[in-house]
Amino acid sequence: MSAPISRDEVAHVANLARLQLTDDELDHFTDQLGAVLEHARDVAALDTSDVPPTAHPYELTNVLRPDEVRPTLDRDEVMAQAPASEDGMFRVPPVLGEAP
Amino acid sequence: MSDTSAATLPNGWEMVIGLEVHCELSTATKLFCGCPNQFGNEPNTNVCPVCLGLPGSLPVVNASAVEYAMRLGRALHCDVHRSVFARKNYFYPDMPKDYQVSQYDLPTNVEGWLELPDGSRVGIERAHIEEDTGKSTHVGGGGRIHEAGYSLVDYNRAGVPLVEIVGKPDLRTAEAARQYVSELRAIILAVDVSDAKMEEGSMRVDANVSVRRPGEPFGTRCEIKNLNSLRSLGRAIDYEARRQIDLLEAGERIIQQTRHWDEADGRTHTLRSKEEAEDYRYFAEPDLVPLDPTEADVAAIDASIPPLPADRRRALADAAGVEPAAAAMCVERDLDGLALVAIEAGAAPDRVLTHIDNNLAVDGADRLAPALFARLVGMETGGELTATQAKTVLADMVETGRSPEEIAAERGFEAMDTGALEGIVDELIAEHSDEWASFCDGNQKVAGFFVGAVMKATKGQADGKAVTALLRQKAEA
Ligand SMILES: [Zn+2]
């Protein structure tokens with residue numbers, strides 16, 4: 001059976017998660033993620049055609065709240081937590097391109 | 001459907017358009033927290049631990065947002081299903097959590113359609129619920145995004161409930177795309193779930209455009225953003241289709257990418273290539289449980305939906321004996337009720353529709369009493385008023401609420417008898433024999449001169465159509 005995940009795939013996932021991994025770390029996590037996926041393969045081998053997909057471990061649905069305004073935070077308090085702010089806004093590094 | 005844009009595409013090319021429309025729901029609070037859903041407040045004053053993504057905070061779904069989303073979905077003839085929220089992961093400062101909560105493989109509304117005024121249907125793939133993002137302002141470096149020195153972020157809008165309506169690629173002209181957005185907007189307003197203002201961003205349209213030869217598979221598409229008006233939408237689609245055709249005819253290929261419409265220079269510009277990994281790693285949102293409306297819930301939603309524009313067009317068209325498209329303006333102006341009552345009271349349908357289309361685009365038209373309107377149309381079709389006089393009386397009626405009889409009497413409007421009219425025409429012919437000779441030779445431009453002169457002589461009381469007919473009759477005699 002082929003390896004559950006390749007080193008390149010791990011590098012890709014790390015890049016998507018903005019993680020910088022050394023070569024040693026890449027090897028290490030390729031093994032570790034492989035072991036996790038190996039376990040998933042065991043589960044995938046079971047016949048689950050009669051089992052409805054699970055969206056959440058609790059069998060709850062429609063947990064809703066009424067559309068009523070609640071108090072908001074004090075802006076000075078919020079800005080005091082920010083690494084940088086200006087004119088009541090969060091100051092962040094320049095944004096490249098548009099939001100997805 | 002108007003086919004003007006298709007006709008202008010060269011060499012038998014056809015465009016294929018699919019629209020994605022984001023609509024901000026007008027709930028009192030945000031989707032997952034009790035912060036006010038309000039436009040125009042001081043930056044970062046409508047925020048709390050949930051919409052700031054602070055550790056330990058948990059989202060709870062707003063019941064009204066779900067109800068509004070289902071109401072819109074049912075108005076678009078969608079099936080409402082059990083749905084699951086999902087995280088769309090990306091790194092961008094407009095979402096403080098580094099993900100946006102949306103719906104992915106199990107959206108609330110699926111497989112619907114919308115009817116355009118000409119009766120054609122455009123498919124709706126899905127209409128799902130998601131949260132809006134914050135707003136960034138780019139500072140320094142001349143204001144251009146890619147030159148920005150830094151960005152400032154306001155999270156007042158982060159977490160505001162949205163419905164994203166994903167249309168099928170059924171549209172073939174820019175005009176049809178504009179009609180689709182107008183119709184969608186009218187439906188959103190009818191079910192009262194948003195103010196749907198394109199210029200203020202409470203309704204945002206992205207257009208997927210590709211070109212092909214009819215019957216061939218779909219071409220590679222580009223997504224156009226920054227369409228803030230119906231005008232931009234139409235212009236951007238036409239520009240983009242031509243750009244793609246030029247490339248293909250030059251033997252190049254289309255690269256799938258997102259492009260930004262620049263209203264000032266009338267072009268689309270590349271934003272980013274979709275060939276770069278666009279991998280959002282969607283997964284079910286572990287902090288929220290599924291939505292699973294019962295049949296009774298959906299039935300209650302259906303019962304709350306008022307007659308929709310397409311139904312209203314059909315009702316009026318049936319009563320007036322015309323095509324639904326001819327009733328579109330009345331419905332758009334919310335005057336179809338007036339038209340229906342006037343027609344029922346015996347007014348000539350074509351005059352009713354013409355007055356509403358041409359003469360009632362004014363404030364207060366909705367206060368016009370249908371019975372009086374019907375009487376005015378009766379006076380016009382009965383020959384007591386000319387078309388021009390009827391228009392004047394109608395304007396007065398809207399202004400003052402008085403009866404057409406009173407206004408006509410006060411203004412001294414009475415039908416000109418044919419004899420008097422003929423006398424005036426004969427006098428004019430005698431005075432302007434050169435122009436008359438030219439008219440008799442078939443110079444239609446001179447017709448306007450004679451009609452204008454008659455109108456002047458009769459202080460506007462003559463019926464323009466009758467004058468034209470009389471002139472023709474005399475020229476042929
Ligand atoms: Zn909040």
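Predicted model: local features only at pLDDT ≥ 70, side-chain atom pairs only at ≥ 80, totals over all residues.
**View 1. The zinc ion and its four cysteine donors in chain B.** The protein donors of the zinc ion are the SG atoms of C33(B), C35(B), C48(B) and C51(B), which lie 2.3 to 2.4 Å from the ion. The angles among the four donor atoms run from 99 to 116 degrees, and the site is therefore tetrahedral. For four tetrahedral donors, the ideal angle at a metal is 109.5 degrees.

**View 2. An open sheet of three strands in chain B.** The strands of this open sheet stand in the order β5-β4-β15, and their pairing is antiparallel. Because β5 (99–103) and β15 (283–284) of chain B stand at the edges and have a single partner strand each, one side of each is left without a neighbour in the sheet. Strand β4 (residues 85–89) of chain B is joined to β5(B) by five bridges in the antiparallel sense. Within this pairing, K88(B) has Q100(B) as its bridge partner, while A86(B) has S102(B).

**View 3. The two directions of the residues in strand β5 of chain B.** In a regular strand the side chains alternate between the two faces of the sheet. In β5(B), the residues Y99(B), V101(B) and Q103(B) point one way, whereas Q100(B) and S102(B) point the other way. The strand is mostly covered, with five of its five residues buried.

View 4. Is E131(B) buried or exposed? With a relative accessible area of 3%, E131(B) is buried, because a residue counts as buried when this value is under 20%. The side chain of E131(B) reaches the backbone nitrogen of V101(B) at 2.8 Å. If its neighbours within four places in sequence are left aside, the residues in contact with E131(B) include Y99(B), Q100(B) and V101(B), as well as L31(B), F32(B) and G159(B).

View 5. The buried residues of helix α1 (residues 7–16) of chain A are V10(A), A14(A) and L16(A). Since these residues cover an arc of only 160 degrees around the axis, they are on the same side of α1(A). The buried residues of α1(A) pack against α2 (23–44) of chain A, whereas the face turned away from the buried side carries the exposed residues D8(A) and N15(A). After α1(A) comes R18(A), whose phi is positive, near 55 degrees.

**View 6. An exposed residue in a loop of chain B.** E199(B) has its place in the loop between α3 (174–190) and β11 (203–212) of chain B, and at 62% relative accessibility E199(B) counts as exposed. Although E199(B) and N228(B) are 29 residues apart along the chain, their C-alpha atoms are separated by 5.4 Å.

Technical notes
Residues numbered from 1 in each chain as written. Chains lettered and ligands numbered in written order. Heavy atoms only, no water. Buried < 20%, exposed > 50% of the residue type's maximum accessible area, 1.4 Å probe, protein only. Helix = DSSP H or I, 4+ residues; strand = E, 2+ residues; numbered from the N terminus. Arc of directions from axis to C-beta. Contact = heavy atoms within 4.5 Å. Pairing = 2+ DSSP bridges. Polar contact = N/O pair within 3.5 Å; in protein donor to acceptor, adjacent residues only side chain to side chain. Donors = N, O, S within 2.8 Å, 3.2 Å for Na, K, Ca; no water. Tetrahedral: all angles 85-135°; square planar, octahedral: opposite > 155°, others 65-115°.
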